[in-house]
Amino acid sequence: MNLASLMQEIATRLGTVPGLRIHAQPPKTITPPAAIVSYPESVQYDQTYGRGMTRVEALKVWLVVGIVTDRAGRDSLSEYVSDEGEKSIKLCLEDYEGETWDDLTVASVEFDVVTIAGVDYMAAGLTINLACQGTPAA
Amino acid sequence: MAFIHGKKTFVSLAAKNLSAYTTTSQMEKNSDSHDVTTYGKDAHVFSGGLLGGTGTMSGIYDSTAVTGPRAVIEPLVGTVVEWIRQPEGAGSGLPQDKVQALVLKYTETNPVADMVTWSCDLQLSDVINSTAQAA
């Protein structure tokens, strides 16, 4: 499992969702609406004998879409975190057969407020768990 | 002496390597016991009998055709095949148990919030060859 390749493939897939600027890693600056593929909470090696399986736990994809007090921003963010519709991040990722992972689950989403250039934006953090092929021991 | 991590364990069934799909395995070696107590004894006296044993393996389901756990184990239920277990992994001089085993049961479990898992129960048939791995 190569983490950079995995994060890049997620970003590439997210590029098929309309209306988002995609960052394959945490960027220096963000211009909403944007999706940022961030690092996982952990990588769990040796999930089966002989390095057969590696798990990537709690990889975060952050969505920064609209101003906190903006109704249109709420509606737009709602579409991205929905489990239905063409803008659903969950459907976009789970309905895709990845090359760098065997199984991907968008497990949950949490919400927070981030301030960019003095403006409060609503952010949604999607938690993603992945099961990947390990590198079998020689 | 050294402690050994379980991740190195190798298991195969019917010459198919299942290690990459396995998280736990167990081989139990046991014996019949015969009560040979006679009059005049103040405690039971036992004698050993035929050897036997059981085995289990379990792990994470993988859809790989031909070599995945479902493809390998499910057709073997009810048949006797060779089971090899290397508790310290593969390597010259390392221990190995090789035995014929009746595949008693293959189970798949599908929790809603986690990976699909599998397990397999084995009944050992005939003696175990515990010769160390060859060079």
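This is a predicted model: local features need pLDDT of at least 70, side-chain atom pairs count only at pLDDT 80 or more; totals for chains, interfaces and linings use all residues.
Author: Residues are numbered from 1 along each chain as its sequence is written, chains are lettered from A and ligands numbered from 1 in the order in which they are written, and side-chain values use heavy atoms, leaving out hydrogens and water.

Reader: What makes β1 and β5 of chain B a pair of strands?

Author: Strands are DSSP runs of E of at least two residues, numbered from the N terminus, and two of them pair if DSSP finds at least two bridges between them. Strand β1 (residues 10–13) and strand β5 (residues 80–86) of chain B have 4 bridges in the antiparallel sense, and therefore they pair. In one of these bridges, B:Ser12 is the partner of B:Ile84.

Reader: Why are β2 and β3 of chain B called edge strands?

Author: The open sheet of chain B has 7 strands in the order β2-β1-β5-β6-β7-β4-β3, with antiparallel pairing. Strands β2 (16–17) and β3 (22–35) each pair on one side only.

Reader: Why is A:Ser88 called buried?

Author: Buried means under 20% relative accessible area, exposed over 50%, and partly exposed in between (1.4 Å probe, protein chains only). A:Ser88 has a value of 1% and is therefore buried. The term also applies to A:Cys132, at 2%, and to B:Cys120, at 0%. A:Ser88 lies in the loop between α2 (71–81) and α3 (89–94) of chain A.

Reader: What makes B:Asp114 and A:Arg55 a salt bridge?

Author: The term requires a side-chain nitrogen of Lys or Arg within 4 Å of a carboxyl oxygen of Asp or Glu. The side chains of B:Asp114 and A:Arg55 meet at 3.1 Å, N to O, so the pair qualifies. The count between chain B and chain A is 2 salt bridges. On the side of chain B that touches chain A, β3 gives the most, with 4 residues.
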